[in-house]
Amino acid sequence: MLELASVNGVVTTLVDAKVPLLDRGVLFGDAIYEVIRFYNGRPFCLDAHLERLCHSAAGLRFSVMLDTDRLRRQGLALFEQSGLLDGRLYYQISRGVGSARSYLPGPGLQPTEIIVAESIHPPDEMTYAEGVSVVTAREIRWSRTDLKTTNLIPRILVRLDAQADGAYEALWVDDQHFVLEGTSSNVFAVFGGVLRTPPTGSGLLAGVTRRIVMEQAISEGFPLQERPIRLDELLAADEVFLTATTPEILGIVRVDHHTIGSGIPGPVTQKLLLSYRERVKGD
Ligand SMILES: Cc1ncc(COP(=O)(O)O)c(C=O)c1O
């Protein structure tokens, strides 16, 4: 098993991969990305991630359409070549390599396509059983949070704050005190058996895991609402959990040191995690 990278089709080990200095991803973070989890050698929701990659490319006004069929083929081949079974593919596509350091891209740029097959380090089972702490952070990102770009400085800053506080994640809270999502996860809360998650279009990334969890919730018969959640409501919820490709579904048991529910992941969180894990086996 070997972590591999492909840069415009040139495959090397991950540590040997090279990108030109004038690549706009390197200079400006003018790039988009996706992370796809593999279970037992098979990708989960690869097409949904490639669709979101196209959405992000259109949002950044890339002039070249992404060839998703080829990206899918190259990604699958790279993952197979790596010999990994449980791991993930990382796609990063920048607008391309300029001839000088200039904000304006100039004509004829070809996107730089990076694909990485890498191992993953999801939380251990004890963490799933005990749940995690999170902190809240005032929303300081730009308004296009529906695009998955590599411009991640606000995320890095609040994750450093979270780490200093011993927290697993930070939740973005807007000026109206609505909880939007985590730095790399979406958020759900349970109120009297009713699941609620903030709606897309309210300042969050439409997570692929979020969508699958919503489908699973419906098929498990849980009432589900896509409605904003105020921070004071979240603190009073019976259960809170986050969703994302790598950690799947993870109970949140403390928000800013305030205990949620009974202080351990609740029955809805546990049921949905089981149901999600069944789903990934079947897809
Ligand atoms: C800001 C943000 N929200 C939500 C998510 C979860 O998305 P997904 O479920 O597609 O992994 C991510 C993933 O990295 C993210 O960066």
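Me: How far apart are the centres of domain 1 and domain 2?
Reply: In this predicted model, the centres of domain 1 and domain 2, taken over C-alpha atoms, are separated by 27 Å. Domain 1 covers 4-118 and domain 2 covers 125-282.

Me: How do you know that domain 1 and domain 2 are in contact?
Reply: Contact means heavy atoms within 4.5 Å. By that rule, 24 residues of domain 1 are in contact with 23 residues of domain 2. Between them the two domains bury about 1,900 Å², and 55% of that is on carbon and sulfur atoms. On the side of domain 1, Y33, F44 and R52 supply 33% of the area buried against domain 2, more than any other three residues.

Me: What makes R37 and E248 a salt bridge?
Reply: The rule asks for a side-chain nitrogen of Lys or Arg within 4 Å of a carboxyl oxygen of Asp or Glu. The closest N and O atoms of R37 and E248 are 3.6 Å apart, so the pair meets the cut-off of 4 Å. Between domain 1 and domain 2 the count is 1 salt bridge. Polar contacts are counted by another rule, which finds 12 residue pairs across this interface.

Me: Which elements give two or more residues to the side of domain 1 that touches domain 2?
Reply: They are β3 (31-39), α2 (46-59) and β5 (87-94). β3 gives the largest share, 8 residues. By kind, the residues on this side of domain 1 divide into 12 nonpolar, 6 polar and 6 charged.

Me: Why is H49 called buried?
Reply: Buried means under 20% relative accessible area. H49 has 2% relative accessibility, so H49 counts as buried. H49 lies in helix α2 and touches E34, V35, I36, F44, V208 and T245, leaving aside residues up to four places away in sequence.

Me: How many salt bridges does the structure hold?
Reply: The structure holds 22 salt bridges. One of them joins R159 and E169, with the closest N and O atoms 3.4 Å apart. R159 lies in helix α5 (residues 153-164) and E169 in strand β8 (residues 169-173), so this pair ties together parts that are 10 residues apart in sequence.

Me: Why is R159 called partly exposed, and why is E169 called buried?
Reply: Partly exposed is the range between the buried limit of 20% and the exposed limit of 50%. R159 is at 32% relative accessibility, so R159 counts as partly exposed. E169 is at 2%, so E169 counts as buried.

Me: What makes E233 and R196 a salt bridge?
Reply: Their side chains meet at 3.4 Å, N to O, and the cut-off is 4 Å, so the pair qualifies. E233 is in helix α7 (residues 231-235) and R196 in strand β11 (residues 194-197), so the pair links distant parts of the chain, 37 residues apart. Both E233 and R196 are buried.

Me: How do you know that E248 and R277 belong to a network?
Reply: Start with the pair itself: the side chains of E248 and R277 meet in a salt bridge at 3.0 Å, N to O. E248 is in strand β15 (residues 248-255) and R277 in helix α8 (residues 267-282), 29 residues apart. Salt bridges that share partners join R37, E125, E248 and R277 into one network. E248 has a relative accessible area of 3%, so E248 is buried, while R277, at 24%, counts as partly exposed.

Me: Why is I120 called buried, given its value of 12%?
Reply: The limit is under 20%, and I120 is at 12% relative accessibility, so I120 counts as buried. The place of I120 is in the loop between β6 (112-118) and α4 (125-130). Leaving aside residues up to four places away in sequence, I120 touches R37, D86, G87, R88 and T246.

Me: Is G207 buried or exposed?
Reply: G207 has a relative accessible area of 10%, so G207 is buried. G207 sits in the loop between β11 and α6 (208-219). With residues up to four places away in sequence not counted, G207 touches R52 and N186. G207 and T245 are 38 residues apart in sequence and 8.3 Å apart in space, C-alpha to C-alpha.

Terms used
Residues are numbered from 1 along each chain as its sequence is written. This is a predicted model: local features need pLDDT of at least 70, side-chain atom pairs count only at pLDDT 80 or more; totals for chains, interfaces and linings use all residues. Side-chain values use heavy atoms; hydrogens and water are left out. Domain bounds come from an automatic or database domain assignment. Buried area is the accessible area (1.4 Å probe) that two parts lose on being put together, summed over both. A polar contact is a pair of N or O atoms within 3.5 Å; within protein, one must be able to donate a hydrogen and the other to accept it, and residues adjacent in sequence count only if both atoms are side-chain atoms. Helices (H or I, at least four residues) and strands (E, at least two) are DSSP runs, numbered from the N terminus. Ala, Val, Leu, Ile, Met, Phe, Trp, Tyr, Cys and Pro count as nonpolar, Asp, Glu, Lys and Arg as charged, and the others, Gly among them, as polar. Buried means under 20% relative accessible area, exposed over 50%, partly exposed in between (1.4 Å probe, protein chains only).
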